[in-house]
Amino acid sequence: MSSTATTERQSNVSEALARGRLGVPSVIFFVLSAAAPLTVVAGVVTTGYGVIGVLGIPLAFLAVAAVLALFSAGYVAMARRTANAGAFYAYVTRGLGRPAGVGTAWVALIAYNALQVGLYGTIGAAAEPVLDRLFGIQPQWWVVALVAWALVGVLGLLRVDINGMVLAALLCAEIAVIVVFDLGQLGNPAGGSVSFAAFSPDNFFVPGVGAVLVLAILGFVGFEASVVFSEESKDPKRTVPMATYLSVAIIAVVYALSSWSMTVAVGPDRIVEEAGTQSVGLIFNLAGAHLGSTVLTIGEALFLTSVLAAMISFHNTTARYTFALGRERVLPAVFGRTSPATGAPQAASLAQSVLGLLVIVLYAVNGWDPVLQLFFWLGTSGGFGVLLMIATTAVAIIAYFARSGEQETLWRRLIAPGIAAIALTAIIVLAVQNFANLLGVEPDSPLRWIFPAVYPVAALLGGLWGVMLRRNRPDTYARIGLGAESAAAIVAAPSDSGPVPTSAEVRR
Amino acid sequence: MLIADEFFLIAHNDTRGKAKLHPAATGLGLAGGLLGELILYGHVTVASGQVTVIDRRPPADALAHTVLDQLIGEAQHQSVRTWLSFLAQTAATSVGERLARAGVLRRQENRRLLRTTVTYQPIDLNVAAWPATRLRAVLERSDPPSVPDALVLGLVAAAGLTREVLWSAGPRAHHRLNLIIPALPAPLKELVAHTESAVGAAVLRGIP
């Protein structure tokens, strides 16, 4: 594969195929626009301060970034050798076996669906000020959610991935607004002096630290998508690793800075209380007071587009996951079909939309709180699911390199993923202990066990399904983890194993 | 009619020449057709994901000749997937032109909003609709199809166009289609499988 990539001679084929390849900036833009920074800063961080009540969120972002950077060292190294590289379960399949892979796939479906559906809870709050200013109306949250749901559903079926340029422009505007907000907050510190209390370890290592770490992981979800371009990038050995590290670094700096500046403007002693009462409105109220109404309006409009972009992006991610599993026949084959005219994974997209509708209706009928109980609960639970997958993948990377004996540095194949696996396991243990804090419920509430228990149950059922496939449908079993590549896998030995035979080559 | 030509006609509307299939899958299906023609003529073969030239004499068809020249000229590239991606970039135009030269289609330039798009419109409706009709009939019969017919059917299924061909066919035709692809000769079976993988990968990448 890579042996043919470098050649001295002019090659039409290489040139033509290189034309569409992505460089580092394109991959970073792709990753960051899925991460939707303003959604995290305005929605997740503010709600996080209010619900969890721990000051150490900025430090948590930095700590998680360090762990994810370690994880990425092995992750991008294995991505180059893995078909279906965008999906964690592909790594688990190759490292820990196919039943474990199916279990991970089940976890992924739940986690990504939770992340997508959770966003419907915050769209009402995001649209409220914009609709009020434009039309003077204040619709119920679920009316806005249903409109957004219809938009996401239709765009998903038409496969209108929003134009990359539009996403890039929105992303730049979002980051610009976040930085302007941050400067406004830092320029108006509570009590007249800038406090660094949010970075103090004393405010980090407190009961609830596990909850804050899951929240930070949630902010980074999307960084794993960079490896989708392993084969489509200009230089697979350099582009994707570079883009992954830079994405993690940019996200970490933006989020740590923003979550810290909030505490400066409100005051470290009052942030938890203020975030609890003002919720998603907090940074906009601060911006309105510091910077005037123009910047505020721009910020509110961008929050709305940011949430919408995140919804569409997570919808497509979930639909593609389902599509890949349908292609492998691990899910029914119908999920692996596409609409001929658009190439959209039709059935997969529809299934995700149906789930979204059910959840919106469920919450609307029961009158449950959209921001806390839908957005924050499902969002953080989804983040916890992604945390479990990252940790499992870290172990799978070590196992894969240990078993395959592939040439790779000790750092990338053992040390970095090893440290990451230990750190991630520690985060998981803390998170399970602190799940009540994460949800903002009483320590004896059954919910604190139900939410985290969903994943091990799903993983177990998925594993059992994998074992059943081995017995009943060995053809399908052989395809697990290969995604769209599974079609070719059944007729040929994996093309990446062993050197290419050269004897039959034509002579010039 | 040649493999890629039949695929082209099936993938486009038989009255106005509009695409029924999204561009990525159309290109890959046609690329599979072009490689398939060379395999059927005995010029190349496919094994373990690699294309190998086995007969360098020029084929009769001009486009097949061009493709074979490219395969010979860039022997450092052997992966089926590389060639499918490469040929897919230009296949819609080159096969459309071939059908225009054969007098089946007429090249038509449409100017719309500063952009010129090219479509290939059928000259005779019956000729354009014939491949789909014929393949449907092939599937209704109980005797196994010829190898070229089976290859077109395989590529149609790989590109996700099955329902376009089988819209009126019964469950027996669907069942028969599922048996035809595994029965293809090994190089063609592999070619179809790689085409299906490439189409799926294009969907997963999310870039049309």
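**Exercise 1. How many bridges join strand β1 (residues 44–47) of chain B to β2(B), and which way do the strands run?**

Before we start: this is a predicted model, where local features need pLDDT of at least 70, side-chain atom pairs count only at pLDDT 80 or more, and totals for chains, interfaces and linings use all residues. Residues are numbered from 1 along each chain as its sequence is written, while chains are lettered from A and ligands numbered from 1 in the order in which they are written.

*Solution.* 
- Step 1: know your terms. Strands (E, at least two residues) and helices (H or I, at least four residues) are DSSP runs, numbered from the N terminus. Two strands pair if DSSP finds at least two bridges between them.
- Step 2: β1(B) and β2(B) are joined by 4 bridges and run antiparallel.
- Step 3: look at one pair. B:Ala47 has B:Gln50 as its bridge partner in β2(B).
- Step 4: check the turn. This hairpin has 2 residues between the strands, and B:Ser48 takes a positive phi near 50°.

**Exercise 2. Work out how α2(B) and α6(B) are arranged****.**

*Solution.* 
- Step 1: find the helices. In chain B, α2 covers residues 23–40 and α6 covers residues 147–158.
- Step 2: get the angle. Their axes come within 10 Å and cross at roughly 160°. Axes here are lines fitted to C-alpha atoms, for helices over the stretch in contact, and angles run from 0 to 180 degrees between N-to-C directions.
- Step 3: classify it. Angles under 35 degrees count as roughly parallel, over 145 as roughly antiparallel, 65 to 115 as roughly perpendicular and the rest as oblique. So α2(B) and α6(B) are roughly antiparallel to each other.
- Step 4: list the contact (C-beta atoms, placed from the backbone, within 7 Å). α2(B) brings B:Gly29, B:Gly32, B:Gly33, B:Gly36 and B:Leu40, and α6(B) brings B:Pro148, B:Leu151, B:Leu155 and B:Ala158.
- Step 5: sort by class. Ala, Val, Leu, Ile, Met, Phe, Trp, Tyr, Cys and Pro count as nonpolar, Asp, Glu, Lys and Arg as charged, and the others, Gly among them, as polar. That gives 5 nonpolar, 4 polar and no charged residues.

**Exercise 3. Which element gives the most to the side of chain B that touches chain A?**

*Solution.* 
- Step 1: size up the contact. Chain B supplies 38 residues and chain A supplies 37 residues.
- Step 2: The elements of chain B giving two or more residues are α2, β2 (50–53), α4 (80–101) and α9 (186–205).
- Step 3: α9(B) gives the most, with 11 residues.

Note on methods: Two residues are in contact if their C-beta atoms, placed from the backbone, lie within 7 Å.
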